[in-house]
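Here is a short report on aromatic contacts. Look at the rings first, then at the charges beside them.

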Amino acid sequence: MFASIKKLQSFDHVADAVSYLNQLKSAEALKLAAQLDAETLINLLESPELKHSHEITLLLISSGRADVLDCLAEDRMADLMTGFNPHVQQQGLALLSPSSKASILRLMSYPQGTAGSIMTTEFIQAPMTWTVAQTLQHIREVESTRETVYAIYVVDIYNRLQFVLPLRQLVIADAEQPLTELWTGQTPVMVDPYTDREEVARLIRLYNFLALPVVDDDEHVVGIVTVDDVIDALMDEAAEDLGRFGGGEHIGKPYLDVGFGTMVRKRGGWLAILFLGEMLTASAMQFYEMELEKAVVLAMFIPLIMSSGGNSGSQATSLLIRGLALGEVKLKDWWRVILREFPTGFVLGAGLGAIGFLRIVAWQYLGIYDYGEHYALLGFTIWASLIGIVCFGSSLGSMLPFLLQRFNFDPASASAPLVATLVDVLGLVIYFSVAALILTGTIL
């Protein structure tokens, strides 16, 4: 154990120490954490990448380690406390100072995914009446209790935010200069605590901010969202969206740490829904049973037809989910999207259909397979079907994210398997309808 402690403390960077601790089993990590000093534990727990953070925090709560818990950044402590049951939360909060407890309870009250849930309440505020020298002196006095000092938030006598001063501008200014003389007149960009974290990320990216102030209804600063908090939040959001887009629920843990029961539960629900959807495909094929009996050759191209429609729909869905997430398209732009996707789907379908037609002709002439005397009509059937199915797939795939967002669902729920299932069923209807139109009186 002494060797493990020495190894952990030998790292120059906290990230390396976190990586080392993550390689240990939970029991080993807890045993090691129990021997660490307060400063080391604080540095480790401040990292969102620490895999054993909740277990270590629970150990600290049961051990009464107020020296560690009360010194953690308040937003990080709120994140950790959210993962516990109410009884453990009460135990942990009882170890904190009254001011920290109040701040953490306020942070925990905001819904997940909002600015309030990811903001920190540790920021530097200064009155408009101060000079540069007074502000710099204040920063020296409180810097150790603040998570970051990217900017100073200047308020009026009613504590309403008036403007934001970057630290760099403050440092190079004359010491006796009033803060108001450094104000450029710009209205500060700010958000309320219930703003979606994706919108916060968009604003930080748009204005190239390192931090964004969060204000209440009276424009009092209640916290700031820093760029590193946004990155962590967006990584969590991306992991959740990828899980949904793959046709499953968000697991929220490293793959190898997920229990067998959790894995089955998280994936089984979606698979059952998709299976029920695919059963409609069997129903559609039963409806066209007579056509299949007359022309078995049509069945050979069903996988080709279904996969092409599903692939085109998944492509469109992926593009639109990304566009909606980045704010490149809005809900009101749905008609512009459909006007782009329909002709795009037509051209793509025509290209795929041409490849399918040439393949049938080539196989017929090379003697690889005999499609019969009406092989050209069969080729045109595949061609026309692919145009219709790819058009339909692209249109449906592009509209589904809009539909979900319209009813306040996450557009990422429009998973690739879901789109493929919907296109499969209606794609078969298009395929056999085109075949009946072109091949009746010949093959059919």
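## Charges over rings

Arg406 lies over the face of Phe407, 5.8 Å from the ring centre. A charge sits over a ring if NZ of Lys or CZ of Arg is within 6 Å of the ring centre and within 35 degrees of the ring normal. Arg359 lies over the face of Trp363, at 4.6 Å from the ring centre.

## Basis

This is a predicted model: local features need pLDDT of at least 70, side-chain atom pairs count only at pLDDT 80 or more, and totals for chains, interfaces and linings use all residues. Residues are numbered from 1 along each chain as its sequence is written, and side-chain values use heavy atoms, with hydrogens and water left out.

## Aromatic pairs

The whole structure holds 12 aromatic pairs. Rings of Phe, Tyr and Trp (its six-membered ring) pair if their centres lie within 6.5 Å; planes under 30 degrees apart count as stacked, over 60 as edge-to-face and the rest as tilted.

Phe357 and Phe380 form a tilted pair, with 4.8 Å between centres and 40° between planes. Phe357 is in helix H18 (residues 334-366) and Phe380 in helix H19 (residues 375-406), 23 residues apart. Helices are DSSP runs (H or I, at least four residues), numbered from the N terminus. Phe357 is buried at 15% relative accessible area; Phe380 is partly exposed at 43%. Buried means under 20%, exposed over 50%, partly exposed in between (1.4 Å probe, protein chains only).

Tyr365 and Tyr375 pair edge-to-face: 6.1 Å centre to centre, 90° between planes. Tyr365 lies in helix H18 and Tyr375 in helix H19, so the pair ties together parts 10 residues apart in sequence. Tyr365 is exposed at 64% relative accessibility, whereas Tyr375 is buried at 19%.

## Ring cluster

Ring pairs join Phe301, Tyr369 and Tyr371 into a cluster.

Methods: Helices (H or I, at least four residues) and strands (E, at least two) are DSSP runs, numbered from the N terminus.
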